[in-house]
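Here is a short walk through one protein chain, meant to be read with the viewer open. Take a look at the fold, then follow a few residues along with the text.

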Amino acid sequence: MRARDIATYIFLALSWGLSFLLLLRVVEAFGWIGAVTFRALIAGTLLFVVARASGRKLAFDTGVLPLAVVGATTVGGQLIGLSYATPRIGTAMAAIFVATIPLFSMIIAQVWGLERITPARIIGLVLGTIGIVMLVGFPAVPVTGTFVLGCVAMILSTFSAAFGSNYASRHLKGTGPWEVTIGAFLAGGVLSFPLLFFVPVPGIPDPMDYVYLVSLAAVMSSLTYLLYFKLVKSIGATPAISVEFAVTVVAVLVGALVLDEALTAMQLVGGAVIIAGCALVLGLFPLRSARRLPTP
């Protein structure tokens with residue numbers, strides 16, 4: 001993996017890990033459907049304007065359907081589930097579920113024949129899962145009906161993210177990351193917009209809420225997804241999506257440092273295990289079989 005890919009991986013982990021802080025504020029101000037709809041539409045429109053202003057040629061030769069599928073899953077399905085669940089189950093539990101995305105991705109990639117699942121990747125994914133359990137532990141909120149619904153929403157969210165990434169890798173190989181990102185966000189925003197009639201904006205947002213919304217859309221959506229789709233094309237869906245393990249580490253650290261959540265020695269060890277799992281999935285430390293002795 002190239003140095004540029006590693007830098008992108010680290011940037012995505014930090015940006016998405018910090019995005020939980022903005023997400024909670026935006027969901028509170030605009031509602032869990034409004035947060036996704038406005039975020040997606042702003043992100044897609046902003047990228048389109050930047051592309052046209054910079055003279056970049058956009059070619060949407062693949063048609064509407066593939067972009068709509070990616071928009072409905074990677075953007076709509078993932079962000080709606082995340083926005084609904086996070087205020088109900090807490091940042092820590094949401095981070096646990098986010099880190100299961102590589103597991104879904106590995107299974108889908110194997111079924112579709114997109115990637116070869118090596119022993120190193122399997123061990124890395126197992127280590128990542130073990131690290132998540134060590135990192136977060138037990139829920140910090142009571143297990144109620146609302147909590148269970150939040151967990152179900154996160155399962156649908158993580159599966160949608162994994163499905164959309166693999167679908168893009170399979171059906172949008174010839175499409176540039178700008179076109180994929182713009183198309184996916186606009187499609188996700190348009191598809192989620194009708195849901196505002198059922199889940200309207202709860203009130204009049206404050207001026208700072210619009211700042212949080214635009215920041216979430218511009219920096220932690222349009223820019224990060226553009227870089228993410230580039231990473232998928234460069235190193236594959238499963239290695240790229242394993243960034244969610246690192247996102248969990250960042251999110252828990254943010255919870256400890258900003259939200260005053262407790263961080264134990266076991267959680268620190270869990271974070272180290274997750275990073276080791278990421279390294280194996282990414283192939284930074286591939287397992288090698290023992291060298292055979294020469295035949296006499």
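This is a predicted model: local features need pLDDT of at least 70, side-chain atom pairs count only at pLDDT 80 or more; totals for chains, interfaces and linings use all residues.

## Starting at Leu58

Apart from residues up to four places away in sequence, Leu58 touches Phe48, Ala51, Trp178, Glu179 and Ile182. You will find Leu58 in the loop between H1 and helix H2, the latter spanning 64–89. Leu58 counts as partly exposed because its relative accessibility is 21%, and the buried class takes in values under 20%. Thr175 is 117 residues from Leu58 along the chain, with 9.5 Å between their C-alpha atoms.

The mean pLDDT of the protein chain is 83, and 90% of the residues score at least 70. Which elements have the lowest and the highest mean pLDDT? Helix H9, residues 237–241, has the lowest at 74, while helix H1, residues 3–53, has the highest at 92. Over residues 289–296 the pLDDT stays under 50, and there the model has zero contacts beyond four places in sequence.

## The chain as a whole

How many helices and strands does the protein chain have? The secondary structure comes to 11 helices and zero strands, and the pattern read along the sequence is α-α-α-α-α-α-α-α-α-α-α.

For size, the C-alpha atoms fill a box of roughly 80 × 50 × 30 Å along the principal axes. The radius of gyration is 19 Å, which agrees with a compact globule of 296 residues, since such a globule would have a value near 19 Å. Of the contacts with a separation of 6 or more, 91% are between residues 24 or more positions apart.

Buried residues make up 51% of the 296 residues. The chain exposes about 14100 Å², with carbon and sulfur atoms supplying 71% of that area. As for charge, there are 17 positive and 10 negative charges, and their mean positions lie 17 Å apart.

Asp5 is placed in helix H1. Is this residue buried or exposed? Asp5 counts as buried because its relative accessibility is 6%. Beyond its neighbours within four places in sequence, Asp5 is in contact with Leu231, Ser234 and Ile235.

Thr91 lies in helix H3, which covers residues 91–98. With a relative accessibility of 8%, Thr91 also counts as buried. Setting aside residues up to four places away in sequence, Thr91 touches Phe20, Leu24, Thr86, Ala251 and Leu259.

Phe197 sits in the loop between helix H7 (177–192) and helix H8 (207–235). Phe197 counts as exposed because its relative accessibility is 69%, and the exposed class is for values over 50%.

## Sequence distance and space

| Pair | Apart in sequence | C-alpha to C-alpha distance |
|---|---|---|
| Leu58 and Thr175 | 117 residues | 9.5 Å |
| Thr91 and Arg4 | 87 residues | 29 Å |
| Phe197 and Leu156 | 41 residues | 22 Å |

Notes
Residues are numbered from 1 along each chain as its sequence is written. Side-chain values use heavy atoms; hydrogens and water are left out. pLDDT is the predictor's confidence in each residue, from 0 to 100. Helices (H or I, at least four residues) and strands (E, at least two) are DSSP runs, numbered from the N terminus. Contact means heavy atoms within 4.5 Å. Buried means under 20% relative accessible area, exposed over 50%, partly exposed in between (1.4 Å probe, protein chains only). The radius of gyration is taken over C-alpha atoms; the globule rule is 2.2 Å times the number of residues to the power 0.38. Accessible areas come from the Shrake-Rupley method with a 1.4 Å probe; for residues, only the protein chains shown count as cover. Lys and Arg count as positive and Asp and Glu as negative; His and the chain ends are not counted. The place of a charge is taken as NZ of Lys, CZ of Arg, CG of Asp or CD of Glu.
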